[in-house]
Amino acid sequence: MKKILVIHGPNLNLVGEREPGVYGSESYDTLNSNIIDRAKSLGIECEIFQSNHEGAIIDKLHAARKTFDGVAINAGAYTHYSYAIRDAISAIKIPCVEVHISNVFARDEFRSTSVIAPVCKGSISGFGFASYYLALQALAEL
Ligand code: DQA
């Protein structure tokens, strides 16, 4: 069975409360239980990790290289400027898929830049919670 790690970056633990017009009003717990259900229906094992700290995300990516087959990562605002997370993704051999709940290209200009996109297998942005489910499907099919 494939093992996939889902990483939620900074502020994503507040989904449901945070800017509901952008991220929806369904809770973070609902998001995670939906992710687990989708993973089960795709026949993959899934672990979910959230951190508001760049270093903790990097440590988790390093650890994942030996125990997971792929990563779906919503790096939150780190997406737009963290060369350290980009280098961590690049350093590990397992495929990573970039995920965003909102359409980052339809928002503030700074969100149109992703420093992690070039080292990810692909990017999914703008489908609400379904962005995560689509990333799981992509990783299942790789
Ligand atoms: C986000 C988009 C980012 O620009 C933002 O900083 C986030 C969430 C998204 O899921 O749409 O925290 O990654």
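Residues are numbered from 1 along each chain as its sequence is written, and side-chain values use heavy atoms, with hydrogens and water left out. In this predicted model, local features need pLDDT of at least 70 and side-chain atom pairs count only at pLDDT 80 or more, while totals for chains, interfaces and linings use all residues.

## Ligand site

The shell around the ligand consists of Arg18, Tyr23, Asn74, Gly76, Ala77, His80, His100, Ile101, Ser102, Val104, Arg107 and Arg111. By class, the shell holds four nonpolar, five polar and three charged residues. Ala, Val, Leu, Ile, Met, Phe, Trp, Tyr, Cys and Pro count as nonpolar, Asp, Glu, Lys and Arg as charged, and the others, Gly among them, as polar.

| Residue | Protein atom | Distance to a ligand oxygen |
|---|---|---|
| His80 | polar side-chain atom of His80 | 2.7 Å |
| Ile101 | polar backbone atom of Ile101 | 2.8 Å |
| Arg111 | N or O atom in the side chain of Arg111 | 2.8 Å |

Taken alone, the ligand exposes 320 Å², and the protein buries 99% of that. Accessible areas come from the Shrake-Rupley method with a 1.4 Å probe; for residues, only the protein chains shown count as cover.

Where does Ser131 lie? Ser131 is part of helix H5, residues 130–141. Helices (H or I, at least four residues) and strands (E, at least two) are DSSP runs, numbered from the N terminus. Ser131 counts as buried because its relative accessibility is 0%. Buried means under 20% relative accessible area, exposed over 50%, and partly exposed in between (1.4 Å probe, protein chains only).

The Ser131 side chain makes a polar contact with the backbone oxygen of His100 at 2.8 Å. Setting aside neighbours within four places in sequence, Ser131 is in contact (heavy atoms within 4.5 Å) with Val99, His100, Ile101, Ile124, Ser125 and Gly126.

Ser82 sits in the loop between strand S3 (70–74) and helix H4 (83–91). Ser82 is buried because its relative accessibility is 1%. Beyond four places in sequence, Ser82 contacts Glu54, Val115 and Ile116.

Ala88 is within helix H4. With a relative accessible area of 3%, Ala88 is buried. Ala88 touches Ile58, Leu61 and His62, not counting residues up to four places away in sequence. Its C-alpha atom is 10 Å from that of Arg65, 23 residues apart along the chain.

Is Ser112 buried or partly exposed? Ser112 is partly exposed, because its relative accessible area is 33%. Ser112 belongs to the loop between strand S4 (96–100) and strand S5 (122–125). The C-alpha atoms of Ser112 and His80 are separated by 7.8 Å, with the two residues 32 apart along the chain. Leaving out residues up to four places away in sequence, Ser112 touches Val104 and Phe105.

## Positive phi angles

Most residues other than glycine have a negative phi. Asn11 has a positive phi, near 75°. Asn11 lies in the loop between strand S1 (3–8) and helix H1 (20–23). At 36% relative accessibility, Asn11 is partly exposed.

Glu19 also has a positive phi, near 35°. Glu19 is found in the loop between S1 and H1. Its relative accessible area is 42%, so Glu19 is partly exposed.

## Cysteines

How many disulfides does a search of the whole structure find? The search finds zero. A disulfide here is a pair of cysteine sulfur atoms within 2.5 Å.

Cys46 is in no disulfide, and the nearest cysteine sulfur, that of Cys96, is 14 Å away. Cys46 is buried at 17% relative accessibility. Cys120 is in no disulfide either; the nearest cysteine sulfur, again that of Cys96, is 5.6 Å away. Cys120 is buried, with a relative accessible area of 11%.

Key:
A polar contact is a pair of N or O atoms within 3.5 Å; within protein, one must be able to donate a hydrogen and the other to accept it, and residues adjacent in sequence count only if both atoms are side-chain atoms. A residue is near a molecule or strand if one of its heavy atoms lies within 4 Å of it.
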